[in-house]
Structure formats: C-alpha cells, structure tokens
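Subject: Handover of a structure and summary of findings

Dear colleague,

Please find below the structure that I am handing over to you.

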Amino acid sequence: MRDLLRLLAIAVLVFAIVGFAMIYSRDSAFRYGLASFLSGTGGAISRGFSDLTGLGRGSDEPALETASLRIMRPNQTAWVGLTGFPDQTAVHFSVPQLGGYQQGLLDLRFDVQLAEGGDGLLSIAVNGERRSEIVLNTGHNAYDVELPLTPADLLADRVVVELSARGTTNSGQICPSDSANSGSAVSLLPESALVLTTLQAADDPETALIAAPDPLQLYLGADTHSQAVTMWAAQNLTRAGVSSVIVDDASGPGRIVVTDQTDAPEAVELDVGGTIVLNGSQGLQRAIGFHRADFVPAGTGGWPISVARLTTETLARNFRGSRRWTIPYNIADLPGGLTPTRFDLALRASRLADGNEWMLRISLNGNLLRTERLPGDNPDIRLPVELPTELQRLSNALLVELIDTSPNQSICRAAPDAQAQLLPESRLSASGAQPVDGWSALVRELAEAEFVVPGNHGLLSVHQATRVAAALAQFLPVDAKVAFMADGPAMTLTVVDRERIAEILQSRERDAEDARGKLWAVTAAPSATADTLGLTDLTSGDAAAALLQQMRATNVAILVQSPPLQ
C-alpha cells in the first residue's frame, strides 16, 4: 500500500512539472487567462477594500464612476444615406472634449432596400480608415453594425464616418437597364449613435448632465419668466442638434431646469432631488457641448460663408450619369441675419472624353436659376449665380446638379464612372441689396437690435411652449443679443393669445406714442405654404383684422415689437 501511494505521488509530481513546463515554454491562452484572472481578482479586491476603508486613495481624490454618453446621429429629422450605385456620403459625429475616454464605439443602424436580382457592397470608413464591408442582400433588410473606436479616433472634436456603396441592380447583366442604377437605398437610421464611456466624479453635477438620457427633459416652470427662459433654452438646443422635450413635472431623474442667472458660482449644479440646474448661457453651452449632434451654426463666422459650414458633402464622389449636392441654409442662422444675394460655385470634375460636355443646373427652393453646358476637358468649374431675395424664405436649399452627357459607345457598354467634388471655395455672399419687408427684414432687424427680450403674457401649457420654442428656432437670429432684462431700447418677443392681441391693437389706436414702433405677429401658417410660420404686419388694419378672425381662443402668437422711434 505504501509503495502504491509513493508511485501515485511521483506521478502527480511528474504531471505537475510537465504541465508547468509546457505553460512557461510558450505564451499559451491558458497562461494569459490565468494571469488576467489573478490580476483582475486582485484589482477588484483592492478596489473593494479601498472603497470600504478609504485606504489606498488620497483623501482629496474624488470617487469615480463610469458615465456613458450617447451622441445621436446628426440631422435627426433628415434622411441620411445612399441611393443608387455608386454613391458616397459622410456623417460627422461630434466628440465632446472631456479630457479622455475609456472606450468608444459606433452603433450604426441601417435600413437597406435592394431591387430583386441586384447585388451590392456597403463600405464603412472611420476617419479615412476602412473598418467594415457588408454584402447587401436583395429585398428589405436591416443591418446593425458596431465598430469599436481607438483612442486616436477620439482625439479630434469629431468622428467622420464615410459610407460608400457600389453594385448593380440588373442581375449582373452587361447591359444596365438604367444608367443611374437607382434600384437601391441605404438609410442610416436616426437611432445610430456614437457611444462614449468616461470616468467622472460620482457626485459631480456634470456627471449627471453627461448621463442625462436623450432627449433632454427641460422643466417648463411655474411662472411666466421661467417659462420664457425654458423656451429660449429649448430653441437653442434644437439649433445645436441636441434633442430635448419640455415637461411639466419638476421631479424625476434627469430633469433639467434652466435659469438666466449669469453670476452663479457654477454653470451646472445638482440639487438635493437630483435635478440638474443649468445657469445662464454657460450652463446651456455645457449641455450642448456634451450632447451636441450637429455643429456650430453658420452664424458663428462672418461673410462670405463657405459651403463647408453648411454641408459635409465636400469630398470627391464617384457617380454614373449625374451627381447632386444640396446646400441647406436658414436665414436666422446666417451672420447678422442677412439674406445671401450671390452664390459662387466651385466644382472640380474628372475630364470627359474629347467632344463630351458637362451639363450644370442650379436651383433654389425648386426654382431653376441657371443651366449651363460646359466643356468636359476642363476639370475646374467656376460659376457665379445671383440669388433672388424674393425666392428665399426662412429655410432654404440650393441644389447643384452635374450631369455627364457622354453617350454610351454601344447599347451594351456603359461609360466609366465620373468623379466630381464640391469645393469648399464655393460660398454664399450678401453684398447685394437686402429685402425691406417680410421675414428677411424682420430677421435682420432682430439681429441688429441692441437687446431682444423674450416673455409671456400668461402661463403656457407644455404643448403651447413646445410650439413656441419650435417657432423661435426658425426666426430668432442665432447671434441676437437675448436678455431677459434690458438696460436700453429693446425688441420684445411676447407670447400672447387672441384676446391680448385685440387689446394691444385697441391701445395703439388710442395712443399715438404706442403706434410709433413696428408690430408683427408670428403664428402657424394659415395654409400649406413653403414656410411653416405666418408673419402678419399688425400696423396694417386689414391684416390685423384677418388674423384675429383666423385665430382660435386656444391659439397663441409671438408678438414682435420694436421700440418706438425717437
């Protein structure tokens, strides 16, 4: 029996020696996993002991917690994606500058429609580096793609995602059924997001602001002043690409209260109930910096305005047949509230075969402004286009279309892909005469005012406040000098109902002093028009009477009043 035990002990020792020799003779997965387990366990024990006793961490060092930040896809209300083959686009995700991130990833959601018999390939590049290739199936399909990001990807203020698609929609036939090859649509859905993880102080108000879920929930307020501040904040967030909703419940996790206190010691505060308080413009800008999807409006610079400040579509693109660029702009987002009067187009295109031509079309809000035929052997295209102010409205879109008129060599031989680029030198300028009435004149006057003071005449419901905030985002200039208490002559924006408008009009009839200033009413458009807002000059008796007749008792309007002329 003793000999048997001795033999078993020798066998166990031999197996142990051989096993450890194999582990340390090469970098095995077992060795790596064992080391990771031991280090992770030791780290967890160390952190737990530190949290329980306070030892191992300096007394002045704050406790840290993981905060997750989800930056939604820009242009939440617009369609973003690819149509036809080939096609390319770029999407810019904003990266808040918080000093560093533990990790980041792109959570991309695609909805793809591909005609029966077609085949396609979707390529995804991040900051110029190809990260994923997806073979597209025919029919209607959904694709969810998660792309981990490197620390280098998060160094800049944005992550650029480039999407490109190529393929056919003719079952691989030699003869395409359509030169535009348009039987495909790849949609990047609005729920796509950049997800960032960072370590922040556990009790820091900014940590709560970072972790606040989208859309941000703004408390409306219980008095007219607080409501006016909330509506001003909501329109600011909307223009910066931050989704928000106005709520009437002050309590609850993630609730945000915006104040107009400019002398508060901290821009962001956290009260005992967990409500986040944003003090003045600085607090609001902190929320925008953490949750912004879009970038700074064009009004932050001067004239002329490069198209690179209006669209991300300024890279070279391949195409078959034709290529379109849409350049959107809002009058209220432009410097000084000015209306552009000229567009200087700069394109660079590949050379066409001898004798072939480019056709160029430029339209504004669906109105054709200019059509040109240009020689195909000149790669640089420069074209000045006058922009009639009477064709412009609050929200505008310039459409540039470049058409390759090269004929097919035969019925079964399509021309090679062309390439073109909308150059950043393309620009809008406002050197011409400005409109003297209508929306353009009002927006310009608000931008030039010494002060613009928002306010309410009576308490509003959440529904009414939401509509007012949406209206302000369309016509209040981005660089207007908004103040809730003015030290000098000011233009006022007052939310009123129909009864209050009637009282003001009667007062102006009795008092000539009141009638000196200009007076407008901003309402929902009375009918289906290009603009969603209607503008009524209340100094015209007929127009004022018509407005009062159209408004219902529950409707509200924004009364815009200029100070009396001295």
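Which residues in α4 meet which residues in α5? Please bear in mind, before the answer, that this is a predicted model.

From α4, the residues concerned are W232, A233, N236 and L237, and they meet S281, L284 and I288 in α5. Sorted by class, this contact comprises five nonpolar and two polar residues, with no charged ones. Helix α4 covers residues 224-239 and helix α5 covers residues 280-291; they pack at an angle of about 35°, and their axes are 10 Å apart. The crossing in which α4 passes α5 is right-handed.

Strand β27 (residues 491-497) runs antiparallel to β30, and six bridges join them. Within β30, A557 is the bridge partner of V496, and V560 stands opposite L493. The pairing of β28 with β30 is likewise in the antiparallel sense, over four bridges; here L519 has Q561 in β30 as its bridge partner. In a regular strand, side chains alternate between the two faces of the sheet.

The cavity

Where empty space is left can be shown by rolling a probe the size of a water molecule over the atoms. A search of the whole structure finds one cavity of 30 Å³ or more. The space in the largest cavity is about 60 Å³. Its lining consists of A228, M231, P454, G455, N456, V468, L472, L493, V495 and I558.

Which elements supply at least two residues each to the lining of the largest cavity? They are α4, β26 (452-456), α7 and β27. Of the elements, β26 gives the most, with three residues. By class, the lining of the largest cavity has eight nonpolar residues, two polar and no charged.

The second largest pocket

The second largest pocket holds about 650 Å³ of space. It is lined by 29 residues, of which R467, T523, A524, A525 and V556 are the closest to its centre. At least two lining residues come from each of α7 (462-475), β28 (519-524), β29 (533-537), α9 (541-550) and β30 (556-561). The element that gives the most is α7, with eight residues. Helix α7 is also among the elements that supply at least two residues of the lining of the largest cavity. The lining of the second largest pocket divides into 16 nonpolar residues, eleven polar and two charged.

The four-stranded sheet

Four strands form another open sheet, in the order β3-β8-β5-β6 and with antiparallel pairing. Its edge strands, each pairing on one side only, are β3 (87-94) and β6 (129-136). The twist in this sheet averages 20° from one strand to the next. Within the sheet, eight bridges join β5 (residues 119-126) to β8 (residues 158-168), and the two strands run antiparallel. T168 in β8 is the bridge partner of D119.

Backbone details

Most peptide bonds are trans, and most residues other than glycine have a negative phi.

- The peptide bond from F85 to P86 is cis, with omega near -10°; P86 is in the loop between β2 (81-83) and β3.
- A cis peptide bond also leads from W303 to P304, with omega near -10°. The loop that holds P304 lies between α5 and β16 (305-306).
- N75, a residue other than glycine, has a positive phi, near 55°. Its place is in the loop between β1 (64-72) and β2.

Yours sincerely

Technical notes:
Residues are numbered from 1 along each chain as its sequence is written. This is a predicted model: local features need pLDDT of at least 70, side-chain atom pairs count only at pLDDT 80 or more; totals for chains, interfaces and linings use all residues. Side-chain values use heavy atoms; hydrogens and water are left out. On a 1 Å grid over the protein atoms alone, a cavity is a set of points where a 1.4 Å probe fits but cannot get out, and a pocket is an open set with protein on both sides within 12 Å along at least five of seven lines; lining residues have an atom within 4 Å of a point. Grid points are joined across faces, edges and corners, and a volume is the space filled by probe spheres set on the points. Ala, Val, Leu, Ile, Met, Phe, Trp, Tyr, Cys and Pro count as nonpolar, Asp, Glu, Lys and Arg as charged, and the others, Gly among them, as polar. Two strands pair if DSSP finds at least two bridges between them. Axes are lines fitted to C-alpha atoms, for helices over the stretch in contact, and angles run from 0 to 180 degrees between N-to-C directions. A crossing is left-handed if the near helix is turned anticlockwise from the far one by less than a right angle, and right-handed if clockwise. Contact means heavy atoms within 4.5 Å.
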